[in-house]
Amino acid sequence: MMSLIDGIARGALFKLDPETAHGLSITALKSGLVPGCRANLDPRLSVNVAGLAFPNPLGMAAGFDKNAEVPNELMRLGFGYAEIGTLTPKPQQGNPRPRIFRLVKDHAVINRLGFNNQGHATAHARITARPRDGILGINIGANKDSDDRAGDYVAGIDLFADVADYFTVNISSPNTPGLRNLQTREALSELMGRVLAERDRKARRIPVFLKIAPDLTEPDLDDIAAECLTHRLDGVIISNTTLSRNGLSADPKRDESGGLSGRPMFARSTIVLAKMRQKLGTDMPLIGVGGIDSAETAAEKIRAGADLVQLYTGFIYGGPMLPGRILRGLSRLCDHENLKCISDLRDSRTGHYAGMAIPE
């Protein structure tokens, strides 16, 4: 019955403009209209990463809850953690509408939102006003008009240090001009030096993860890996959206500018994940994102080298019952493969994916 209701609701939302539909989804979660799914607490799915005890490896990626409106509600759907943002110091409108496009045949989305958000102060006030209900990640970015983009990230560390379980430094969105230039080695070294120095000034050591793009060359990945190891980063999130349109079905919206997410991202992001696992070694925590919409795709990310996984576009197409379905599927996988914990899957197919070329 819930699957039927879920399908009807999704069909109704898909008749609306994507951004309007997203706003209604946030409202439905805030209003308690979406039932929770907390029954599946399989201890085999728990994962310890960067000093944090995650009840399961499945998280909501940044982008869904940009302004910290529903992190608790997301975790009540079954997510083991929620990442809010991307947040910038000052509020900004982002790019003009329309700026989100569904590619339904491909279970994909193109967005060119441009870090639209209500700013640091509003999000911080929302977080502090409610009791915490699980692990909360704060994804921080820079304002489009900033004169000191690294300073914007430092400001995020400073303000949210009292509420963040971890930080994500997002330098990989394709929708803020020049932002991806922060992935070059010299710029990344300066940025991480300043961000981690600010983190280290706090009384509590908060893990800092770096979110990278999937549109990187092997030398780019080598440089990023070297800086991550030099700065002793706490983890890497792989990956953000892609500018590639490789393999998409015929659709007039496929040529819209912006970052592509969803099923077509799976191979590209998983190959980059596996390559980074090999470059960073076995100890660096990695979070796999891109094309996850089932228990099997989540498990395959772990096989490729991920400790944790995240989704967002899969949630658009799979609906609010998707986290529960994925968790039940991972539990069945543990039964079938006689796993003591889901982490036992990690790296079992790293070599397979790392040996592939990153698609054009």
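**Sheets, helices and cysteines**

Author: Happy to, and please keep in mind that this is a predicted model. Let us begin with an open sheet of three strands, antiparallel in its pairing, whose order is β5-β6-β11.

Reader: Which strands stand at the edges of that sheet?

Author: An edge strand has a single partner, so one side of it is left without a neighbour in the sheet. Neighbouring strands here are turned by 25° against each other on average, direction ignored. The strands at the edges are β5 (100–103) and β11 (259–262).

Reader: How many bridges join β6 to β11, and which residue stands opposite I110?

Author: Strand β6 covers residues 108–111 and runs antiparallel to β11. Four bridges join the two. Within β11, the residue opposite I110 is L260.

Reader: Are the residues on the two faces of β10 buried or exposed?

Author: In a regular strand, side chains alternate between the two faces of the sheet. In β10 (residues 235–238), G235 and I237 lie on one side, with V236 and I238 on the other. Both faces are covered, and these four residues are all buried.

Reader: Turning to the helices, are α4 and α5 roughly parallel or roughly perpendicular to each other?

Author: Two packed helices are described by the angle between their axes and the distance between the axes. The axes of α4 (residues 120–128) and α5 (residues 149–160) come within 11 Å and cross at roughly 20°. Their crossing is right-handed. Angles under 35 degrees count as roughly parallel, so α4 and α5 are roughly parallel.

Reader: What is the handedness of the crossing of α5 and α6?

Author: The axes of α5 and α6 (residues 185–200) come within 9 Å and cross at roughly 20°. These two helices are therefore roughly parallel to each other. The crossing of α5 and α6 is right-handed.

Reader: Why is α8 described as largely enclosed by the rest of the structure?

Author: Helix α8 (residues 266–280) has 15 residues and reaches 21 Å from its first C-alpha to its last, close to the 21 Å expected. Its buried residues include F266, I271, K275 and L280. Just after α8, G281 takes a positive phi of about 85°. The helix counts as largely enclosed because the number of its 15 residues that are buried is 12.

Reader: Finally, how many disulfides are there?

Author: A disulfide needs a pair of cysteine sulfur atoms within 2.5 Å. The sulfur of C334 has its closest cysteine sulfur in C341, at 7.8 Å, which is too far for a bond. C334 counts as buried at 1% relative accessibility, whereas C341 is partly exposed at 24%. The count of disulfides is zero.

Conventions: Residues are numbered from 1 along each chain as its sequence is written. This is a predicted model: local features need pLDDT of at least 70, side-chain atom pairs count only at pLDDT 80 or more; totals for chains, interfaces and linings use all residues. Side-chain values use heavy atoms; hydrogens and water are left out. Buried means under 20% relative accessible area, exposed over 50%, partly exposed in between (1.4 Å probe, protein chains only). The expected span of a helix is 1.5 Å times one less than its number of residues. Two strands pair if DSSP finds at least two bridges between them. Axes are lines fitted to C-alpha atoms, for helices over the stretch in contact, and angles run from 0 to 180 degrees between N-to-C directions. Angles under 35 degrees count as roughly parallel, over 145 as roughly antiparallel, 65 to 115 as roughly perpendicular and the rest as oblique. A crossing is left-handed if the near helix is turned anticlockwise from the far one by less than a right angle, and right-handed if clockwise.
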